[in-house]
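Please look over the sequence and the structure below before reading on.

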Amino acid sequence: MPSTAIIGLQWGDEGKGKVIDCLAAEADLVVRYAGGNNAGHTVVVDGEKYVLHLIPGGILHDHALNLIGRGVVVNLEHLAQEVDGLLSRGVPVLDRLRLDSRCHLIFPFHLHLDRLAETWKGEGRIGTTGRGIGPAYADRVARTGIRLGDVLNEKHFETRLQAALAEKNAMISKVYGQEPESHDRLFEESRALARRFQPLVVDGGEWVREQYGQGKKVLFEGAQGSMLDLDAGTYPFVTSSWTGTWGIAGGTGMPPKHLDRALGVAKAYCTRVGEGPMLTELLDATGERLRKQGNEYGATTGRPRRCGWFDAVAARYAVELNGLDGLVLSNLDVLSGFEEIRVAVAYRWEDRETRSFPVEVGSDPAWEPVWKTFPGWQEDITGARSFSELPSTTQDYLRFLEAELHVPIQRVSVGPSRDQMFVGENGQQDLWA
Ligand code: GDP
Ligand code: IMO
Ligand code: MG
């Protein structure tokens, strides 16, 4: 099986960074296909913590190459900071990284407009990361975006930037009453940054197809989560990209038929950052305890994450949508010490009950979870290295989730480090087989 995708199953921050780093140990190529530096993927190696925002999670391995695919929106200034941060820690990033020339760029006016739009929306705000993601994707669709390859062509860039700035500055000054942005500084800074990265720029699609054709192992790195997907998620409280397996072909240039396996990462409970529905959210001491035990603060913005019990309705929906072959269940250790554990198995609204994820969940908050309750476990399981070492109540919880979601749990994660992960009861040893 030479290609595998790792997808977030919930509202992001499921532990994709850790899982990708672990699987990258055997991959030749790790490819990001969506999102931008709204993502924050944490990898812990020998006790050292790295938070990757744009750079794919194979970067800490010396054998793997990493591609930022064409579906990723790239803030060059941020990329430079992230690259420099890794270089200063001794990671030879420039030898291991490639950038697709078709990537759309995020400029300062995108950040500005993201924040202005959020303020404008007031109570109706999405709670974005403020990184300019939505405005940059909007420009891509409106055909007013500027791609990395465009910046490398001086004349072409000049024309595109003039046109973009004229429109954006009119919006910034005339709609929002703010100071317009300077063309010359932006032009010079973008050119300098693009030239710095020019040696890494490739036709990403051609490159991935070629590598795959040679039998290389390709790992597709999902960002955000299925419930934050532009179309499948809790619209309008979503991000602006296709986060699931359906985004891979569009975001890389790899034909869909060459995706051989897809695994979803889910926490053993739920978290969400930003606004929007989350039916299992706990606004009480139990939610606070989950946040504390799971250290649930955003890797990108530091915002406290909203916490709640596992939502099997949303997870089933995401398993089906993505066509998943298996699951990686993370943060299981965080559930230790609870008297009881709950899972939402259906939603109820007056006399209606559903096991399917309702379209109106974004607009109608009247749905309530139907709970199934399990006894908790008191043991610390961070030292467990196999399914059989888990307490029997923990094993029952995993068996229930497998049956409820109709997929095998391929891996169980009981802590942030590489070694704190083992094969699930019905998982297979070699995920590349
Ligand atoms: P991502 O965006 O999906 O890559 O996830 P984040 O890095 O934003 O958030 C996941 C957090 O959980 C990070 O702090 C990880 O170091 C941590 N983490 C990952 N797996 C586990 C686990 O199994 N147990 C615990 N306690 N923490 C984990
Ligand atoms: P990773 O890859 C969690 C959320 C934001 C906000 C919404 C829209 O680390 O899992 P945006 O800035 O994308 O326009 O914000 O999406 N969001 C994430 N939440 N993890 C992420 O990425 C996220 N990326 C975006 O909080 O609610
Ligand atoms: Mg994250």
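What follows covers the ligand sites and then some backbone features.

This is a predicted model, in which local features need pLDDT of at least 70, side-chain atom pairs count only at pLDDT 80 or more, and totals for chains, interfaces and linings use all residues. Residues are numbered from 1 along each chain as its sequence is written, chains are lettered from A and ligands numbered from 1 in the order in which they are written, and side-chain values use heavy atoms, with hydrogens and water left out.

Start with ligand 2. Oxygen atoms of ligand 2 lie 2.6 Å from a polar side-chain atom of threonine 239, 3.0 Å from a polar backbone atom of valine 273, and 2.9 Å from a side-chain N or O atom of arginine 303. On its own, ligand 2 has 550 Å² of accessible area (Shrake-Rupley method, 1.4 Å probe), and the protein covers 97% of that area.

The magnesium ion is ligand 3. Its protein donors (N, O and S atoms within 2.8 Å of the metal, or 3.2 Å for Na, K and Ca) are Asp13 (OD) and Gly40 (O), at 2.1 to 2.2 Å. Aspartate 13 lies in the loop between β1 (3-8) and α1 (16-24), and glycine 40 in the loop between β2 (29-32) and β3 (41-45), so the pair ties together parts 27 residues apart in sequence; helices are DSSP runs of H or I with at least four residues, strands runs of E with at least two. Is aspartate 13 buried, partly exposed or exposed? Aspartate 13 counts as partly exposed because its relative accessibility is 21%, where buried means under 20%, exposed over 50% and partly exposed in between (1.4 Å probe, protein chains only). Glycine 40, at 10%, counts as buried.

Now turn to the backbone. Most residues other than glycine have a negative phi, and most peptide bonds are trans. Tyrosine 235 and proline 236 are joined by a cis peptide bond, with omega about 5°. Proline 236 sits in the loop between β8 (218-221) and α10 (246-252). Arginine 143 has a positive phi, near 65°, and is exposed, with a relative accessible area of 71%.

How values were computed
Polar contact = N/O pair within 3.5 Å; in protein donor to acceptor, adjacent residues only side chain to side chain.
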